[in-house]
Amino acid sequence: MQTLIGKCKSGIPETVISAAKSDGTDASKLAQNIARGRAVIPANPLREHKLCSIGEGCPVRVNVNIGTSGARCDPELEMLKAECAISEGADAIMDLSTGGDLEAIRKQILGLDTTIGTVPIYEAVRRAGSALDISADILFNVIRDHCKQGVDFLTLHCGVNKATLHSLREDPRVMGVVSRGGAFHTAMIASSGEENPLFSEYDYLLEILAEYDVVISLGDGMRPGAMVDAVKRAKTVEYINLGELAKRALDAGVQRMIEGPGHIPVDQIAYNVRTIKEVTNNAPLYLLGPLVTDIFPGYDHVSGAIGGSIAAMNGADFLCMVSPSEHLALPDVSDIREGTRVAKLAAHVGDTVRMKDAWFETGEADMAEARRDLDWKRQFEIATYGEHAKKIHERDGDIETCSMCGDLCAVKIVRESLL
């Protein structure tokens with residue numbers, strides 16, 4: 001089967017036309033960007049769903065992670081969280097389940113009308129019994145099973161290898177490895193002395209992905225998990241690995257995204273984003289956060305939104321929602337709602353660079369006029385989460401201005417004085 005990259009090199013496939021129409025973008029340019037590896041459309045041909053293009057020329061997208069854990073396994077709750085995220089504007093859902101019947105949970109999530117991603121190494125650990133018992137056969141069988149079930153993109157930590165382990169030992173970090181996938185692969189390499197099979201047998205992996213036309217999201221297994229680790233060497237070694245792997249994927253006709261960079265001080269975000277973009281030839285970049293401080297637990301969704309806005313303005317394409325419960329607990333529905341809304345805000349801010357003057361046509365110019373006119377009904381119609389804004393405004397009754405200024409409303413005074 002010809003992959004979407006191959007199809008885009010000779011024409012404009014229907015998948016691209018449909019995605020571009022949904023976004024209000026140019027299908028020809030989208031096809032060109034996919035062929036060049038600068039955009040992707042995660043769309044497993046085995047499953048129909050609402051399409052989401054990611055990368056150059058596309059809006060900044062938002063992914064939301066859900067999934068059971070060994071400590072709290074409630075598949076129905078995870079479905080409620082996924083449905084909540086989609087209703088709040090999420091463009092994709094990732095199933096990170098590690099507890100319960102993983103295949104059955106995934107099947108239920110794949111019934112949603114949205115792009116779905118997974119992290120196969122989690123299920124591989126459950127099948128093997130522990131990270132140290134994972135074999136190449138188990139891992140590749142899980143990957144193939146996810147593809148056959150209809151998953152659109154897979155996070156695979158191919159860049160975690162002996163070189164990254166060596167850098168981790170030579171330049172140790174306080175938090176070590178915080179990526180679960182990165183930790184599993186690091187433990188496998190350290191214990192066996194053998195190379196990560198996703199790195200050593202990468203060509204075989206690409207054959208599987210090409211067969212099902214599934215997008216590979218090259219995982220950031222060495223992302224720093226603390227501000228004090230942001231300048232340590234391991235993540236940079238992984239960047240170089242990912243650059244080489246990204247080229248090989250494109251040459252094989254496999255769509256790919258790059259993940260990174262974790263916990264990064266705010267003044268390092270632009271440099272890291274641009275570095276990843278440069279070494280991967282501008283492949284779509286998928287970020288968790290980045291978080292810009294470690295000492296505000298409970299507000300990590302805000303920290304991630306600050307970092308995500310800056311990252312998107314410097315070229316990041318896909319933001320992973322961070323919830324208020326990050327580092328604390330498995331998110332509940334309210335955490336998902338709040339985290340998704342804040343991530344959508346960050347994505348919108350990031351679009352200021354991509355859209356330039358057209359950004360003001362997304363409601364910004366209309367909101368200015370509605371506020372000038374003290375037209376509350378219109379303001380709530382324009383607002384991304386208008387019902388939420390309306391509830392806040394109506395707390396102090398139905399008044400012409402907001403209760404902050406009352407009869408001393410600057411907008412009303414100037415408007416009336418200029419009539």
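I started at T164. Leaving aside residues up to four places away in sequence, T164 touches G159, M222, A234, V237, E238 and N241. I note that this is a predicted model.

I looked up where T164 sits. T164 belongs to helix 8, which covers residues 162–170. Buried or exposed? T164 has a relative accessible area of 0%. The cut-off for buried is under 20%, so T164 counts as buried. The T164 side chain reaches the backbone oxygen of N161 at 2.8 Å.

I moved to N63. N63 lies in strand 3, residues 61–66. Its relative accessibility is 0%, so I logged N63 as buried. Which backbone atom does the side chain of N63 reach? I found the backbone nitrogen of M94, at 3.4 Å.

I listed the contacts of N63 too, again without residues up to four places away in sequence.

**Third entry: the surface**

Next I looked for nonpolar surface. I found a nonpolar patch of about 600 Å². V266, I295, F296, Y299, V302 and I306 make this patch.

Where does Y299 lie? Y299 is in the loop between strand 9 (285–288) and helix 14 (300–313). Why do I call Y299 exposed? Its relative accessible area is 52%, and exposed means over 50%.

I also took the total for the surface. The protein exposes about 18500 Å². Carbon and sulfur atoms supply 53% of that area.

**Last entry: the whole protein**

I finished with the overall picture. I count 19 helices and 10 strands in the protein. The radius of gyration is 22 Å, close to the 22 Å that the globule rule gives for 419 residues, so the protein is as compact as a globular protein of that length. I also noted the span of the C-alpha trace along its principal axes: about 80 × 50 × 40 Å.

How much of the protein is buried? Buried residues make up 53% of the 419 residues. T164 and N63 are both buried.

I closed with contact range. I took contacts between residues at least 6 apart in sequence. Of these, 72% join residues at least 24 apart.

Conventions. Residues numbered from 1 in each chain as written. Predicted model: local features only at pLDDT ≥ 70, side-chain atom pairs only at ≥ 80, totals over all residues. Heavy atoms only, no water. Patch = residues over 30% accessible without salt bridge, like charges linked within 9 Å, V, L, I, M, F, W, Y side chains within 5 Å. Areas by Shrake-Rupley, 256 points an atom, 1.4 Å probe, with all protein chains shown as cover. Salt bridge = Lys/Arg side-chain N within 4 Å of Asp/Glu carboxyl O. Helix = DSSP H or I, 4+ residues; strand = E, 2+ residues; numbered from the N terminus. Buried < 20%, exposed > 50% of the residue type's maximum accessible area, 1.4 Å probe, protein only. Polar contact = N/O pair within 3.5 Å; in protein donor to acceptor, adjacent residues only side chain to side chain. Contact = heavy atoms within 4.5 Å. Rg over C-alpha atoms; globule rule 2.2 N^0.38 Å.
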